[in-house]
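User: I have a structure open and I'd like to go through it step by step. Can we start with what the record says?

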Amino acid sequence: MTEPKYVQTTIPGLILIENFITKEEQNGLIENIEKGAWSGNGIGPNPEMKRRTQHYGYIFSYRHRRVMSKLGPLPEHVDFVVKRMLEMGILNQSPNSCIVNEYLPGQGIMPHIDAPTIFGPIIISLSLKSACLMKFENVHTNIQTDILLSPCSLVVMTEASRFDYKHSISKNLTEQLQDLTIERDRRISLTFRTIYSWNGKDTGPDPPAPTPSEL
Ligand SMILES: O=C(O)CCC(=O)C(=O)O
Ligand SMILES: [Fe+2]
């Protein structure tokens, strides 16, 4: 089995681990995800989104920029991922939200900071299938840095990388990082977060609306 490997980056607070899961584990996850209910492309709860998503734990509305409802615990097929994150000390508490994103060739995500009023201080993304670049832009200096997200890798945004950098994924069909050329293909990611402004109550008060730049 290929061991998880920590990769050094120049972005403060960013943790990058290649081979966080094996190819077999990736295939098992994809098989389960394909059976799940996709939203987007006209289908609720996020019908306006071109990119398809699946929401585990809580339903998050991108249009309303808030958590809409609680679904329950994360599904069993992601348990081994959470267990490994806890064992490796990446988190000391299980996340209560996981959003699956599907990026077809030509799809990406605009530069944003995940809403700090809604989501906790650690944002984790597990990459499946196609590699892509994630661009980090320092909001104070505007300096941009590309990070390679290879299949089966885990990227963990903490501290400055989580709060002082916007992250984005381009729509480009081909990407270049030094000598490496990436032909973008279908990518699936699982983003693990802790939703803390929801207070664990379905009837709790709405979290404060974040400013557009926060999302
Ligand atoms: O697809 C990813 O790896 C990141 C997704 C993301 O940044 C988000 O949903 O906020
Ligand atoms: Fe994000």
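Analyst: This is a predicted model. The unreviewed UniProt entry lists a domain called "Fe2OG dioxygenase" at residues 94–196.

User: How much of residues 94–196 is helix and how much is strand?

Analyst: That stretch is 5% helix and 53% strand.

User: OK, now the metal. Which residues coordinate the iron ion (ligand 2)?

Analyst: His112 and His167 each use NE2, and Asp114 uses OD, at 2.0 to 2.2 Å. Along the chain, the spacing of these donors is H-x1-D-x52-H. Histidine 112 sits in strand E7 and histidine 167 in strand E12, 55 residues apart, so this pair links distant parts of the chain.

User: Are those two histidines buried or exposed?

Analyst: Histidine 112 and histidine 167 are both buried.

User: And why is strand E12 described as largely enclosed?

Analyst: Because four of its five residues are buried; E12 covers residues 165–169.

User: Which strands does E12 pair with?

Analyst: One is E7, residues 109–112, which pairs with E12 in the antiparallel sense over two bridges. In that pairing, histidine 112 has histidine 167 as its bridge partner. Strand E9, residues 132–138, also runs antiparallel to E12, joined by four bridges. There, lysine 166 of E12 stands opposite glutamate 137.

User: What about ligand 1, what surrounds it?

Analyst: Ligand 1 has 13 residues around it, and the closest are Tyr103, Ser125, Arg187, Ser189 and Arg193.

User: How far is ligand 1 from the side chains of histidine 112 and aspartate 114?

Analyst: One oxygen-to-side-chain distance is 3.0 Å, to an N or O atom of histidine 112. For aspartate 114 the corresponding distance from a ligand 1 oxygen is 3.3 Å. Arginine 193 also has a polar side-chain atom 2.8 Å from an oxygen of ligand 1. Taken alone, ligand 1 exposes 290 Å², and the protein buries 97% of that.

User: Back to the strands. Which strand forms a hairpin with E9?

Analyst: E10 does, with five residues between the two strands. In the turn, asparagine 142 has a positive phi of about 65 degrees. E9 and E10 pair in the antiparallel sense over six bridges, and leucine 133 has leucine 148 of E10 as its bridge partner.

User: Which way do the side chains of E10 point?

Analyst: They alternate along residues 144–149.

User: What about glutamate 159, is it buried or exposed?

Analyst: Exposed, because its relative accessible area is 60%. Glutamate 159 belongs to helix H3, residues 159–163, and has a positive phi of about 45 degrees without being a glycine.

User: Last one: where is tyrosine 6?

Analyst: Tyrosine 6 is in strand E1, residues 5–7. Its relative accessibility is 48%, so it counts as partly exposed. From C-alpha to C-alpha, tyrosine 6 is 18 Å from alanine 160, with 154 residues separating them in sequence position.

Notes
Residues numbered from 1 in each chain as written. Chains lettered and ligands numbered in written order. Predicted model: local features only at pLDDT ≥ 70, side-chain atom pairs only at ≥ 80, totals over all residues. Heavy atoms only, no water. UniProt positions renumbered as here; feature names shortened; annotations may be inferred. Buried < 20%, exposed > 50% of the residue type's maximum accessible area, 1.4 Å probe, protein only. Pairing = 2+ DSSP bridges. Donors = N, O, S within 2.8 Å, 3.2 Å for Na, K, Ca; no water. Near = heavy atom within 4 Å. Polar contact = N/O pair within 3.5 Å; in protein donor to acceptor, adjacent residues only side chain to side chain. Areas by Shrake-Rupley, 256 points an atom, 1.4 Å probe, with all protein chains shown as cover.
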